[in-house]
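Reader: Can you walk me through this one? Keep it quick.
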Amino acid sequence: MTKTIVAPSVLSMDYSRMKEQLEEVENSGAEWLHFDVMDGHFVPNLTFGPDILKGFRKACGLFLDVHVMITKPLFFAEKFLSAGADGYTFHYEAMDSEEEIRSLASLIRAHGKTAGISIKPDTDVSVLKPFLNDFDLFLIMSVEPGFGGQKFIPESLDKIRTLRGWLDEMQSQAHIEVDGGINQTTGALAKNAGADVLVAGSYIFRNDIAEAVNSLA
Ligand code: DX5
Ligand code: ZN
């Protein structure tokens, strides 16, 4: 069985208690920290830029899993990579061509970082098939990107199963990450379907952090 990685999402932190919460996350056994970047264009919400990421880089030793929900992932890639991102995951829907997708994936890998691509709930999983060798991580959005606290979309499980089948067939070690509406129940369903990285925001930060992380692992 593949080990499950839990990635608490910074989006649901209590920003008046960031230092304590970050320490709790680091002591909980979570290995990754999920950092949601939103630009007000690709999604109707605004969050953080590279300077804030630099602060997280200084403050913690976790793998910084940057998920950009922005219209210009290419323009911002090096800014986030040099600010300390360990992984950079951008959206298929933000890109214009296969060439553009592949060149951004190679740029991320050239920095020695984890290259990720994500699809929104309405995007068919088959769009990822041409890129199975180009990425180290595939992120299946199980809610409409933009906000925390939404309900898990069960159809995401079929996408995860299909993708796991393709990756197993080629003996790929790439991660399948799932993001949105993850709690103990939906997390278990996603793991059974083949996901190995679980992002969770509200479930982790609205409960005891260590207990919630452990219930997902
Ligand atoms: C949504 C973000 C998620 C968000 C998940 O657009 O990509 O990472 O933090 O939040 P929950 O776990 O509350 O659904
Ligand atoms: Zn996310």
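Author: Let's begin with a ligand contact. A polar side-chain atom of His-67 lies 3.4 Å from an oxygen atom of ligand 1. That is a polar contact, meaning a pair of N or O atoms within 3.5 Å; within protein, one must be able to donate a hydrogen and the other to accept it, and residues adjacent in sequence count only if both atoms are side-chain atoms.

Reader: How much of ligand 1's accessible area does the protein cover?
Author: The protein covers 100% of the 380 Å² that ligand 1 has on its own. Accessible areas come from the Shrake-Rupley method with a 1.4 Å probe, and for residues only the protein chains shown count as cover.

Reader: Before we go on, what are the ground rules here?
Author: This is a predicted model: local features need pLDDT of at least 70, side-chain atom pairs count only at pLDDT 80 or more, and totals for chains, interfaces and linings use all residues. Residues are numbered from 1 along each chain as its sequence is written, chains are lettered from A and ligands numbered from 1 in the order in which they are written, and side-chain values use heavy atoms, with hydrogens and water left out.

Reader: Back to the ligand. Which other residues have an atom listed against an oxygen of ligand 1?
Author: Ser-9 places a polar side-chain atom 2.8 Å from a ligand 1 oxygen. Gly-146 uses a backbone N or O atom, at 2.7 Å from an oxygen of ligand 1.

Reader: How many residues surround ligand 1?
Author: 20 residues do, and the closest are Asp-36, Gly-146, Asp-179, Gly-201 and Ser-202. A residue is near a molecule or strand if one of its heavy atoms lies within 4 Å of it.

Reader: What is that shell made of?
Author: The shell has 8 nonpolar, 10 polar and 2 charged residues. Ala, Val, Leu, Ile, Met, Phe, Trp, Tyr, Cys and Pro count as nonpolar, Asp, Glu, Lys and Arg as charged, and the others, Gly among them, as polar.

Reader: Which strands each supply at least two shell residues?
Author: Strands S2 (32–38), S3 (63–69) and S8 (197–200) do. The largest share, 3 residues, comes from S2. Helices (H or I, at least four residues) and strands (E, at least two) are DSSP runs, numbered from the N terminus.

Reader: New topic. Where is Asp-86?
Author: Asp-86 is in the loop between helix H3 (73–83) and strand S4 (87–91). The Asp-86 side chain reaches the backbone nitrogen of Leu-64 at 2.7 Å.

Reader: Why does Asp-86 count as buried?
Author: Because its relative accessible area is 18%. Buried means under 20%, exposed over 50%, partly exposed in between (1.4 Å probe, protein chains only).

Reader: And Gly-180, buried or exposed?
Author: Gly-180 is buried, at 9% relative accessibility. The residue is in the loop between strand S7 (175–179) and helix H6 (184–193). Gly-180 and Leu-198 are 18 residues apart in sequence and 9.0 Å apart in space, C-alpha to C-alpha.

Reader: What does the Thr-186 side chain contact?
Author: A polar atom of that side chain lies 2.9 Å from the backbone oxygen of Gly-181. There is also a 2.8 Å pairing between a polar side-chain atom of Thr-186 and the backbone nitrogen of Asn-183. Thr-186 is found in helix H6. Thr-186 is buried, with 11% relative accessible area.

Reader: What about the phi of Gln-171?
Author: Gln-171 has a positive phi of about 55°, although it is not a glycine. Gln-171 is in the loop between helix H5 (156–169) and S7. At 68% relative accessibility, Gln-171 is exposed.

Reader: Last one. Where is Glu-93?
Author: Glu-93 is in the loop between S4 and helix H4 (98–110). Glu-93 is partly exposed, at 25% relative accessibility. The C-alpha atoms of Glu-93 and Met-69 are separated by 9.6 Å, with the two residues 24 apart along the chain.
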